[in-house]
Amino acid sequence: MARKQFPLEGVLHPETNYMALFGTEFTSFEDLFESQIKDLYDAEHRITEALPKMADAANSAELKQAFLAHLRETEGQIARLDQIFAQLGTKPERKTCQAMKGLLAEGEEMIKATAPPDIKDAALIAAAQRVEHYEMSGYGTARAFAARLGHSQAVTLLETTLLEERVTDQKLTKIAEQGVNIRASQE
């Protein structure tokens, strides 16, 4: 007898019958939360590699200092993610964050760009703020998931990082609006 074909054959996991999206399988909300943490972990590691390059490319001493200060903060954010992994009883693991790879590739274009100093700094700030906004979205989502799952310590750690990301974004806006963008618009 011929085997009956199902429209979702190959999409549903053969053992669990759960839908596997984009090669990733979530069998629980906890799995989804852990995946988000792994994604953020990868993103933060990538950012630690990019920030020194951003600082080197910046002209403004204030902008250089902001990038280097955020590098130190990012290292602390990685440590908080390590704490979350420990609370979950799992080893720290990176899941490739494709979005951050793309954002940092755009940032790399700004690093290599040829432009007058203040215009280049404006471009660097724009690239950095895209990264900050992505991080705020990611940490906000992870915090909401942690709250729903009852991971109160993770909520606190994620909220701390979320606030740091907001402050960094505000600092970059201030540097741009009170100096860099004014000078760039006159070049």
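K112 is exposed, since its relative accessible area is 63%, and exposed is the word used for values over 50%. In this predicted model, the place of K112 is in helix α3. Although K112 and A57 are 55 residues apart in sequence, their C-alpha atoms are 8.2 Å apart in space.

E109 also belongs to helix α3, which covers residues 98-112. With a relative accessible area of 52%, E109 is exposed, because the cut-off for that word is over 50%. Between E109 and L124 there are 15 residues of separation along the sequence, and the distance in space, from C-alpha to C-alpha, is 9.3 Å.

## The chain as a whole

How many helices and strands does the protein chain have? There are five helices and zero strands, and reading along the sequence gives the pattern α-α-α-α-α. The chain has 187 residues, of which 40% count as buried, and its accessible surface comes to about 10500 Å², with 54% of that surface belonging to carbon and sulfur atoms.

Among the contacts in the protein chain with a separation of 6 or more, 76% are accounted for by residues 24 or more positions apart.

## How helices α2 and α5 pack

Two packed helices are described by the angle between their axes and by the distance between those axes. Helix α2, made of residues 61-88, packs with helix α5, made of residues 152-184, at an angle of about 170°, and the two axes are 10 Å apart. Angles over 145 degrees count as roughly antiparallel, and α2 and α5 are therefore roughly antiparallel to each other.

The residues that make this contact include E62, L63, A66, F67 and H70 on the side of α2, together with Q153, A154, L157, L158 and T160 on the side of α5. Sorted by class, the contact of α2 with α5 has ten nonpolar, eight polar and six charged residues.

## The nonpolar cores

The largest nonpolar core has 26 residues, and those with the most contacts inside it are M54, L63, F67, M100, L124 and I125. The elements that give two or more residues to this core are α1 (29-57), α2, α3, α4 (117-149) and α5. Which of these elements gives the largest share of the core? The largest share, seven residues, comes from α1. Apart from this core lies another one, of 18 residues, with F33, Y41, I78 and M136 among them.

M100, one of the residues with the most contacts inside the largest core, touches A43, R46, I47, V131, Y134 and E135, when residues up to four places away in sequence are not counted. L63 and F67 are likewise named among the residues with the most contacts inside that core, and both also take part in the contact of α2 with α5.

Conventions:
Residues numbered from 1 in each chain as written. Predicted model: local features only at pLDDT ≥ 70, side-chain atom pairs only at ≥ 80, totals over all residues. Heavy atoms only, no water. Helix = DSSP H or I, 4+ residues; strand = E, 2+ residues; numbered from the N terminus. Buried < 20%, exposed > 50% of the residue type's maximum accessible area, 1.4 Å probe, protein only. Axes fitted to C-alpha atoms, helices over the stretch in contact; angles between N-to-C directions. Parallel < 35°, antiparallel > 145°, perpendicular 65-115°, else oblique. Contact = heavy atoms within 4.5 Å. Nonpolar A, V, L, I, M, F, W, Y, C, P; charged D, E, K, R; others polar. Areas by Shrake-Rupley, 256 points an atom, 1.4 Å probe, with all protein chains shown as cover. Core = buried A, V, L, I, M, F, W, Y, C linked by side-chain atoms within 4.5 Å.
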